[in-house]
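Hi,

Here is the structure I promised to pass on.

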Amino acid sequence: MAVLLAIAALWATPPPDAPIPRDSRPLTARLAATTADLGAAIDRWRTAGDPARGGPPEEVTLDALYQQRIYIVLSDNARLARAVLRRLPGRVARAARSEIAARRELGRLSRPRPRSAFRVGRAEPAGRLRRYYAEAQRRFGVSWRVLAAVNYVESAFNKLRNASSAGAQGPMQFLPSTWRAYGLGGNIRDPHDAILGAANYLHANGAPRNYRRALFRYNPSALYVDAVLRYARAIRADAGAYYAFYSRQVFVRTPRGLVRLTGPR
């Protein structure tokens, strides 16, 4: 652990195309260092900055992107992931294990689509979204962490703007027919309205008493339910996790492989 922390102190904020080691020992050090740096950068953003206005600072964006790219590599390489997880310190290992599992679950649900099928835009500020989740929690009793996890999985907090292949729309990806029943008369593409509609729908289907049942009604896949609950637990375990997820970029699966659509170039 001391060696990992020493390397963390020397590891500068990585540029967008920083190389990722493919050997477990240096990769473990990089993941531990980046996770520590990202946590510290998020703390500075939350205390000295204003998450309710604008996007994350550059250091948060770059650390979050590098961490995200590492997790993509580990999600695609089970042998390397096992070796890295064995070397990581306990708390970082638990978070990494959950992240890798969630990515693999969601990966099994995704299908390649042409890059032209995707549209992207800016997310509303993290602090403003946090207020929307809190409002929905007060009104419907649905955990803000679960709502944030759904928002992340469905649209990367509305950075991904296209409709799904099934026709679902907006930040929380509602089918228009479902929205008419649960959208409270709001705009399906408005983040505030969509979050309240999602809370209404989840509450009507068993949340907060039974999140698993409610989420399965939202998307009838055990893989989806497991992934959302993993992200919700991660946000509960670490107050900075929500801001880390928010600061990540949009990667999409195309016939030519994984492509990043947002973020610094």
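Is Phe174 buried or exposed? Phe174 counts as buried, at 3% relative accessibility (buried is under 20% relative accessible area, exposed over 50%, partly exposed in between, with a 1.4 Å probe and protein chains only).

Before the rest, some ground rules. This is a predicted model, where local features need pLDDT of at least 70 and side-chain atom pairs count only at pLDDT 80 or more, while totals for chains, interfaces and linings use all residues. Residues are numbered from 1 along each chain as its sequence is written, and side-chain values use heavy atoms, with hydrogens and water left out.

On to the aromatics. Searching the whole structure turns up 17 aromatic pairs (rings of Phe, Tyr and Trp, the last by its six-membered ring, pair if their centres lie within 6.5 Å; planes under 30 degrees apart are stacked, over 60 edge-to-face, the rest tilted). One of them is Tyr152 with Tyr231: the ring centres are 5.0 Å apart and the planes at 85°, so this pair is edge-to-face. Tyr152 belongs to helix 7 and Tyr231 to helix 11, so the pair ties together parts 79 residues apart in sequence (helices are DSSP runs of H or I with at least four residues, numbered from the N terminus). Tyr152 is buried at 13% relative accessibility, and Tyr231 is buried at 4%.

Phe174 has a partner too: with Tyr201 it makes an edge-to-face pair, 6.3 Å centre to centre and 90° between the planes. Since Phe174 is in the loop between helix 7 and helix 8 (176-182) and Tyr201 is in helix 9, this pair ties together parts 27 residues apart in sequence. Tyr201 is buried, with a relative accessible area of 9%.

Tyr152 and Tyr231 also turn up in one aromatic cluster, whose members include Trp45, Trp144 and Phe157. Over the face of Trp144 lies Arg130, at 3.7 Å from the ring centre (a charge sits over a ring if NZ of Lys or CZ of Arg is within 6 Å of the ring centre and within 35 degrees of the ring normal). Likewise, the charged end of Arg113 sits over the ring of Phe118, 5.6 Å from its centre.

Last, helix 10 (residues 211-218). Its buried residues are Tyr211, Ala214, Leu215 and Tyr218.

Cheers

Notes: Helices (H or I, at least four residues) and strands (E, at least two) are DSSP runs, numbered from the N terminus.
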